[in-house]
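Try each task before you read its solution.

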Amino acid sequence: MPEAGNTGTSVGEAAVRAPKKQEAVPGLALGLALLSAGPVVILALLIVVLSFLSPYFLTGRNLSNILAQTAVISVVAMGQHLVILTRGIDLSVGSNVALASVVGALSFHAGAPAFLVIAVMVACGAAVGAINGLFYVFGRLPHPFIITLATLSIAKGLALQLADGRAIPGMPDAIDALGREAVWGLPGSVFVVAGVAAVLFAMAKTMVWGRWIYAVGGRPDAALRMGIPVSWVLVSVYVISGLCAGIGAVILAGRTDAGSPLFGNLLELDTIAAVIIGGASFLGGRGHLGHALIGAIMIGVIRNALNLLNVNVFFQLIVIGVVIVIAVESDVLRNYLEGRVRVMQAGRQS
Amino acid sequence: MPEAGNTGTSVGEAAVRAPKKQEAVPGLALGLALLSAGPVVILALLIVVLSFLSPYFLTGRNLSNILAQTAVISVVAMGQHLVILTRGIDLSVGSNVALASVVGALSFHAGAPAFLVIAVMVACGAAVGAINGLFYVFGRLPHPFIITLATLSIAKGLALQLADGRAIPGMPDAIDALGREAVWGLPGSVFVVAGVAAVLFAMAKTMVWGRWIYAVGGRPDAALRMGIPVSWVLVSVYVISGLCAGIGAVILAGRTDAGSPLFGNLLELDTIAAVIIGGASFLGGRGHLGHALIGAIMIGVIRNALNLLNVNVFFQLIVIGVVIVIAVESDVLRNYLEGRVRVMQAGRQS
Amino acid sequence: ADKIKVGLITKFPVPFYSTMEDAAKKYAAAHPEVQLVTGQGQAATDIEGQIALIESMITQGVKGLAITPVDPTVAPTLDKAVAAGIKVVLVDNGIPDWKGQTALVSTNNLNGGKIAGEYLKTVLKSGDKIGILQGVPGVPALDDRVTGMMEGLGDVKVEVVGKGATNCTLELGTSVTEDILTANPDLKAIYAACGPPIPGAVKSISNAGIGNDKIILVGFDACCGEIEAIKSGAEDASVAQFPAKMGELGIDTVVKAIRGEPVEANVDTGAGLVTLQNVKDFE
Amino acid sequence: MSAVPAGVDHAATAAEYPVLAVRGATKRFGSVVALDDVSIEVRRGEILGLLGDNGAGKSTLTKCISGVHQLDAGAILLDGAPTQIRSPADARFAGIETVYQDLALFDNLTPGQNFFAGRELAGPQWLPRGMRFLQQRRMDAETRVLLANLKVTLPRLDAVVAMMSGGQRQAIAVARSTVFARKVVILDEPTAALGLRESRQVLNLVATLRDQGNAVILITHNMEHVVELADRAVVLRQGRKVGELVPTKDNKQELVSMIVGA
Amino acid sequence: MSAVPAGVDHAATAAEYPVLAVRGATKRFGSVVALDDVSIEVRRGEILGLLGDNGAGKSTLTKCISGVHQLDAGAILLDGAPTQIRSPADARFAGIETVYQDLALFDNLTPGQNFFAGRELAGPQWLPRGMRFLQQRRMDAETRVLLANLKVTLPRLDAVVAMMSGGQRQAIAVARSTVFARKVVILDEPTAALGLRESRQVLNLVATLRDQGNAVILITHNMEHVVELADRAVVLRQGRKVGELVPTKDNKQELVSMIVGA
Ligand SMILES: Nc1ncnc2c1ncn2[C@@H]1O[C@H](COP(=O)(O)OP(=O)(O)OP(=O)(O)O)[C@@H](O)[C@H]1O
Ligand SMILES: Nc1ncnc2c1ncn2[C@@H]1O[C@H](COP(=O)(O)OP(=O)(O)OP(=O)(O)O)[C@@H](O)[C@H]1O
Ligand SMILES: [Mg+2]
Ligand SMILES: [Mg+2]
């Protein structure tokens, strides 16, 4: 509940001596504010370090590039985030992007107008998501890993079959526009990401459905007992994850002016990593949509910097691994320090 | 505890009217025995179907091939199984196989004798596993996903760097022998798999350590409170998973007479799928080593049959997905039927 | 003096592209006025990785770019490079219907496949059974090698009895060969669309107890243990492309284009068949 | 401490037929017979004590009524009509609220979010349930009123339930059931983890629920509470119903013998 | 039911200095002060009742003693010597057994496996602990004896604990602590979910633990149990120690006022 920390004490009798805000120690408070800003801090640190390493890093053009490069991971990671919130996993997102883009390209070549092509891609993504969700829930599968692994394989096979193994060039102009610069030097895709983030954020925060997702992730059996339609909540997150994959396909299609069965290679690992770097837990019910976004951008920033620094691929793999560990360990440290500072602050005030 | 079902009632007073074994209804009992045989049944069904589809499927040579082809997945899946029992995941196994094989090949070319080459590969695998475990536990990471994703990347990069991106042909003869036929038309690798399975099975069943794994997976906080050295149990399963990857590298090196940085591609997904098809749960504490083995063989059988039937590559992906779903759904159905039959049986006897 | 900054982007870490990169670096070392920036994707299918690489090359202000494009999907990003005044030279394979390039430095994979097909035509007859070890599903350059081979066979109508994806890896080369041999004891030939699976195929054939001379094995790339296999007689032939030549000529063409010198639109780096007879020349 | 209304008065005000009746309930888990031909009924404005030793089948019976388990045999009648209760949602929809023995709290949510889980105050009404917008202000306000009424002391309202003490958790679970009580309220050992004051408050609450016209099923091991509140008591032993009587101070010992079977 | 030994006699037999003493214990969770300068001590052969309303800090105090939490300030003395208890393993090693309020059972293990979790009977002794071989037969036999002594009724010994009733689970958790009790036994509301007979058995068990020379800390909300068993009672309120006295039938009301702070 979005209330101030000490409202609770007004209920019944004061159970604890709540710290009074005005007594806060300035130094500590500042440190605490910094520390509790979370993954953002780690991202900021990363950016500072990188801007020293490469003169190109902080140029407007490069920042715009980074946003364009992370657009797909970002959108898909947000869907993945919802799935992980319910203790699930969606391995099919990458293939789903590929299939949706191929289906979109085919429909364009069959003469569909731009809006229809977009609708077809998004619907195709959502359909794969629906299959995941429905099989998982109503097929009583023990874990979504299996069904999403199966659709990973099936969607990839279908995409290859439909496209006859090749990329299909050509996309309506409205979609291509997403890859071009739009406003403030930013590509159109960035605004799509922002839009999706805003909508999902609003839905998760203000709608009953959002509350249910946390309940289902927190304790599925209790959610059932409380009469929450657990099955449908679960189906819904897979549909939305698929939908996000569909939107990812649109963005990628705009960026490449094509649909391709090779799209989305290893996207499942990237998006899951983004979500986990962002601080969600596989045990469900914990995590914040915005952090998943930051996780995605962090991955994009690292990749971009390695390219700028002209690091060889072999070495890139090593560096990416090391940086991911450092990023997560910094977050662990940050969390620990935050806890310590809070206790110190409480101690001084009491 | 390996006791008969109704010992419990001898304690204190009889709480329930336990079914008496001798009254068992023969028809039901047979059905129940069949149903409760678990994943084996599904595998058997699969084999029956496939032997109708291809005349070559049931030939001795092909069965020997299947075992050889699944040797690596099987060994690595057993390590993965232990990790998943503790609610973890090991994404690094594939890269680990690659790195171990490369390190082994390099040590062979540097003049090491066969036993040393094998030791180097296994040790290299275990070392990567140890890094996973130590970072996860003592780095206080929220989930092993991150660190094993990082070592996936790092080990791959290292392997590529060390091997300069190419396969390194040449392995000592003792290792190559694993790829050749040994006894009864079976390749040596099959006996390695059997040996590893026997040792791990015995360890998990008869050693305190095995019990601890189930306790840690069942409820980590309680395990800590009961004084179980949770940290070391966790580290141990990652080390063993890495060790299994090292053994997998030995087998693969024997099969191909080379070490290669491209080995083990997507092995993490295959082994996790094997474990889950085998009936383990991501929520930890449940599952059986033998079932993971069956899951691995099931995947191998499907791939083999598709090759035998000359199914087109694109279509293979689709079929693999569909068959995986069917296999798991059959298991769900089997479980359900088993429960029903048990209740029926209890009903008739009371 | 102002250095000429050029970029080279190759597909992914396999020996073929490493050789290309090495040759380009050697060229740069011999020409001090050329500053070379290299980049490589992570996998044969790493479209987004390649796009990101092109974008960072633009950011770094290269004047020219030599690239082995994954597939047509990178065209719009290359358009951006062209719009930024960068000379783009495609290496190894082209992009159908894309006109932005200054030049194409390649051997045609289709033609390479034809060379293999023509060789097979001399040793096979209609009705013979052949198995194919495909590369990575969906990678056009690799698919072309198979298509080309079939074209090369011309009027010899062989029966393709087994086709499997190897992802150009050793391990899958082994398994897929095993299974094709199991299902087709009377197999006459195996053709592989890339080099890495070949040693695996060789091993499977010998494990199955089939003599060297019983099965014709033809590969592509002449890399990754193929030379040894040809020398031992286990492999009968392989199509060699010349990645070093591609790397060198690729950079050379870019540099010339930047300097405003005339360049050929199509630079053919050629392909040849490696057999036991001429294998010495390829070591 | 407020005075406790005497329970027996209210039996008279009960409606003609029972609001909830269970007939011939049987439930097996594998070879364990948890319920064996058990029948109970409870009327509006009545508190039924459900007694029995550990493992007697009390929780199983309540879970069958609240839709968590399905009966193997037997019927559940609501207001005299046989009703299929296929899921907890069915039960809640039919007006049956349950405080489970394991509390069924969401550790990752705040007390307020727990109260309204599955019954969020939201609008507009014409939207499907899941898509309505949360009326956070109203829920916060009601949470505060509710806790104040129950006199439950919580350290903070915006902390998640995971960090609360055992008794605080129990109090939250009981409070939750009162929010939507309409017809039948089942409480499975609601005072087990509670302190003196909190126990008293919950007992008062049970009486209030009864006074509001609910039929209440109260499971407890505490004989004092049974005598004080229950209008009737049903005793289970090893899955069978072994007795039913009106508990008074004087037949307490009889009840105890029934429970332990001696 | 066996006769309950009168508790007070045993206070006399207690050793000179306390086997466990906590001095000035303070523990904060964020801004919540769960313990504020609490000192207690308990001797061999003595039962210390630890009382207080929900959220008073009882469980927190026991968790600090058994190594689950670390004190922010204060010291723990074992046999008079200041001891650092850094982990539950430390505590168990030092001879402190705990029955947690949330039971800390492994749902996926059988009762017997639960009893011996972390203390498996295994050999040979020269191997490191984790690598010893389980002596399954011995553990099975001891499990049976243990359950028979406690007169706990379990449906089957080879079923996992997940399926047991609330009271059966509690009984298993209490039984577990008795297997290895050597010095100090802490029981956090051990009878909360128990039926009459089972409660009686647990109380007898607590007395037995005391008679065996353990120092016992018993947390409960049940005044009868406190009066019956405890040699001394310490009362916490809002994290502070507000009183300590020898509980008798006559000062029960005094205790209650201390607890609720009225
Ligand atoms: N891990 C924790 N994090 C934050 N706050 C906690 C934590 N554990 C306990 N608390 C808080 O500390 C206070 C004391 O809790 P504690 O569990 O010790 O109470 P208790 O006396 O055992 O109560 P009960 O009788 O209800 O079990 C409570 O306000 C509780 O919310
Ligand atoms: N899901 C289940 N699977 C298997 N057996 C179960 C399950 N639930 C309960 N049982 C068994 O059914 C019997 C009755 O259990 P139930 O929980 O109804 O008892 P109870 O009367 O509520 O006891 P308590 O007072 O201890 O809570 C017990 O023997 C228990 O082990
Ligand atoms: Mg119960
Ligand atoms: Mg407590």
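This is a predicted model: local features need pLDDT of at least 70, side-chain atom pairs count only at pLDDT 80 or more; totals for chains, interfaces and linings use all residues.

Residues are numbered from 1 along each chain as its sequence is written, chains are lettered from A and ligands numbered from 1 in the order in which they are written, and side-chain values use heavy atoms, with hydrogens and water left out.

**Exercise 1. Describe how helix 12 of chain B packs on helix 13 of chain B.**

Step 1. Two packed helices are described by the angle between their axes and the distance between the axes. Helices here are DSSP runs (H or I, at least four residues), as strands are (E, at least two), numbered from the N terminus. Axes are lines fitted to C-alpha atoms, for helices over the stretch in contact, and angles run from 0 to 180 degrees between N-to-C directions.

Step 2. The axes of helix 12 (residues 267-277) of chain B and helix 13 (residues 289-308) of chain B come within 7 Å and cross at roughly 120°. That makes helix 12 of chain B oblique to helix 13 of chain B. The classes are roughly parallel under 35 degrees, roughly antiparallel over 145, roughly perpendicular from 65 to 115, and oblique for the rest.

Step 3. Now list the residues in contact (heavy atoms within 4.5 Å). From helix 12 of chain B come Asp270(B), Ala273(B), Ala274(B), Val275(B) and Ile277(B), which meet residues of helix 13 of chain B including His291(B), Gly295(B), Met298(B) and Arg303(B). The residues of this contact of helix 12 of chain B with helix 13 of chain B divide into eight nonpolar, two polar and two charged. In this scheme Ala, Val, Leu, Ile, Met, Phe, Trp, Tyr, Cys and Pro count as nonpolar, Asp, Glu, Lys and Arg as charged, and the others, Gly among them, as polar.

**Exercise 2. Is helix 12 of chain B buried or exposed?**

Step 1. Apply the cut-offs: buried means under 20% relative accessible area, exposed over 50%, partly exposed in between (1.4 Å probe, protein chains only).

Step 2. Eleven of the eleven residues of helix 12 of chain B are buried, so this helix is largely enclosed by the rest of the structure. Among them are Leu267(B), Glu268(B) and Asp270(B).

Step 3. Look just after helix 12 of chain B: Gly279(B) takes a positive phi of about 100°.

**Exercise 3. At what angle do helix 3 and helix 13 of chain A pack?**

Step 1. Helix 3 (residues 60-85) of chain A and helix 13 (residues 289-308) of chain A pack at about 140°, with their axes 8 Å apart. These two helices of chain A, helix 3 and helix 13, are therefore oblique to each other.

Step 2. Helix 3 of chain A and helix 13 of chain A make a right-handed crossing. By class, the contact of helix 3 of chain A with helix 13 of chain A has twelve nonpolar, seven polar and one charged residues.

**Exercise 4. Which residues coordinate the magnesium ions, ligand 3 and ligand 4?**

Step 1. Donors are N, O and S atoms within 2.8 Å of the metal (3.2 Å for Na, K and Ca); water is not among the atoms, so sites may look incomplete.

Step 2. Ligand 3 is coordinated by Ser59(D) (OG) and Gln101(D) (OE1), at 1.9 to 2.0 Å. Ser59(D) lies in helix 1 (residues 58-65) of chain D and Gln101(D) in the loop between strand 6 (96-99) and helix 3 (111-115) of chain D, so the pair ties together parts that are 42 residues apart in sequence. Ser59(D) is buried at 17% relative accessibility, and Gln101(D) is partly exposed at 25%.

Step 3. Ligand 4 has Ser59(E) (OG) and Gln101(E) (OE1), at 1.9 to 2.1 Å. Ser59(E) is buried at 18%, and Gln101(E) is partly exposed at 25%.

**Exercise 5. Where do Pro96(C) and Gln135(E) lie?**

Step 1. Pro96(C) sits in the loop between strand 4 (87-91) and strand 5 (103-106) of chain C, and counts as exposed at 54% relative accessibility.

Step 2. Gln135(E) is in the loop between strand 8 (133-134) and helix 5 (136-150) of chain E, and is partly exposed at 27%. Leaving aside neighbours within four places in sequence, Gln135(E) contacts Leu121(E), Ala122(E) and Gly123(E).

**Exercise 6. How far apart are the closest C-alpha atoms of chain C and chain D?**

Solution. They lie 36 Å apart, and no contact joins chain C and chain D.

Terms used: A crossing is left-handed if the near helix is turned anticlockwise from the far one by less than a right angle, and right-handed if clockwise.
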